[in-house]
Amino acid sequence: AEFTAAEGDRPAILFITAEVADGYHVYAVDQGELPDGGGGPGTTRIAVHSPAGVEVAGEFRAIQPPKVHIDDEIWEGLAIREHDETVTWYAPLTLPADADLKTLQIAGTVDMQACDADTCVPMEISYTATLGKGMPLPATPPQAEQLAAEMAEAEARWPAQAAATRMAAADFEVTDAAVSDGEGLYQQYCV
């Protein structure tokens with residue numbers, strides 16, 4: 001894990017990279033659930049615990065977009081968002097004005113599930129981030145492309161139940177798009 005210093009209009013950014021074992025995957029930080037308590041896979045959650053004054057100033061996103069498929073087994077109709085191999089999450093940070101960035105160590109945890117075809121193992125992994133060079137960020141959030149793919153797949157599978165959507169891919173705007181099976185909402189996006 002590492003963080004970068006703020007530069008101009010760009011805030012400090014925290015980067016956390018996970019190397020996922022062969023045959024396993026972890027779920028995305030934006031993994032959804034079925035409505036009305038229907039559940040879903042364990043969303044990856046990232047926290048910063050110390051030092052005081054260091055705060056996450058936005059949502060974590062992944063540099064590498066998750067692989068997406070619509071589940072037909074356990075959470076039928078839910079868009080499953082998972083990473084395998086390597087994933088790097090990033091989020092903007094607010095750092096104390098008097099922080100010595102060369103010696104600053106940011107500590108936290110990543111809570112996730114590592115799953116293969118048969119089982120999932122819950123994990124809490126501690127990290128310590130130090131000042132580094134960071135990584136190039138995507139020009140547009142990869143979630144925009146994934147969201148468009150998810151909506152297209154869901155609308156193709158349930159055309160009669162697909163709610164009206166409005167998407168402008170260039171500015172990642174989606175307004176209250178939903179896909180339903182006629183009995184309940186499977187996935188809702190309000191971005």
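User: Why is Met123 called partly exposed in this model?

Analyst: Met123 has a relative accessible area of 35%. Buried means under 20% and exposed means over 50%, with partly exposed in between, so Met123, at 35%, is partly exposed. The model is a predicted one. Met123 itself lies in strand E11, residues 120-131.

User: Which residues make the nonpolar surface patch that includes Met123?

Analyst: Val121, Met123 and Ile125 make a nonpolar surface patch of about 220 Å².

User: How do you know whether Thr44 is buried or exposed?

Analyst: The relative accessibility of Thr44 is 2%. The limit for a buried residue is under 20%, therefore Thr44 counts as buried. Thr44 is placed in the loop between strand E3 (26-27) and E4. Beyond four places in sequence, Thr44 is in contact with several residues, including Val26, Tyr27, Trp89 and Met112.

User: What makes the pair Arg81 and Asp30 a salt bridge?

Analyst: The side chains of Arg81 and Asp30 meet at 2.9 Å, N to O. The criterion is a side-chain nitrogen of Lys or Arg within 4 Å of a carboxyl oxygen of Asp or Glu, so this pair is a salt bridge. Arg81 lies in strand E8 and Asp30 in the loop between E3 and E4, so the pair ties together parts that are 51 residues apart in sequence. Arg81 counts as buried at 5% relative accessibility, whereas Asp30 is partly exposed at 34%.

User: How many salt bridges are counted by this rule?

Analyst: The count comes to two. Besides Arg81 with Asp30, the side chains of Lys67 and Asp84 meet in a salt bridge at 2.9 Å, N to O. Lys67 is in strand E7 (residues 67-70) and Asp84 in the loop between E8 and E9, so parts that are 17 residues apart in sequence are tied together by the pair. Lys67, at 47%, is partly exposed, and Asp84, at 25%, is partly exposed.

User: Why is Glu85 called exposed?

Analyst: Glu85 has 57% relative accessibility. Exposed means over 50%, so Glu85 counts as exposed. Glu85 is found in the loop between strand E8 (79-83) and strand E9 (86-94). Its phi is near 65°, a positive value in a residue other than glycine. Most residues other than glycine have a negative phi.

User: Which residues have the most contacts inside the largest nonpolar core?

Analyst: That core has 24 residues, and those with the most contacts inside it are Phe3, Leu14, Ile16, Trp89, Leu93, Leu95 and Ile106. Strand E2 (12-19), E4, E9, strand E10 (106-115) and E11 each supply at least two residues of this core. Apart from it lies another core, of six residues, among them Leu34, Trp75, Ile80 and Cys115. In soluble globular proteins, nonpolar side chains tend to be buried together.

User: Where does Pro51 lie, and is its peptide bond from Ser50 cis or trans?

Analyst: Pro51 lies in the loop between strand E4 (45-50) and strand E5 (55-56). The peptide bond from Ser50 to Pro51 has omega near 5° and is cis. Most peptide bonds are trans.

Key:
Residues numbered from 1 in each chain as written. Predicted model: local features only at pLDDT ≥ 70, side-chain atom pairs only at ≥ 80, totals over all residues. Heavy atoms only, no water. Helix = DSSP H or I, 4+ residues; strand = E, 2+ residues; numbered from the N terminus. Buried < 20%, exposed > 50% of the residue type's maximum accessible area, 1.4 Å probe, protein only. Patch = residues over 30% accessible without salt bridge, like charges linked within 9 Å, V, L, I, M, F, W, Y side chains within 5 Å. Areas by Shrake-Rupley, 256 points an atom, 1.4 Å probe, with all protein chains shown as cover. Contact = heavy atoms within 4.5 Å. Core = buried A, V, L, I, M, F, W, Y, C linked by side-chain atoms within 4.5 Å.
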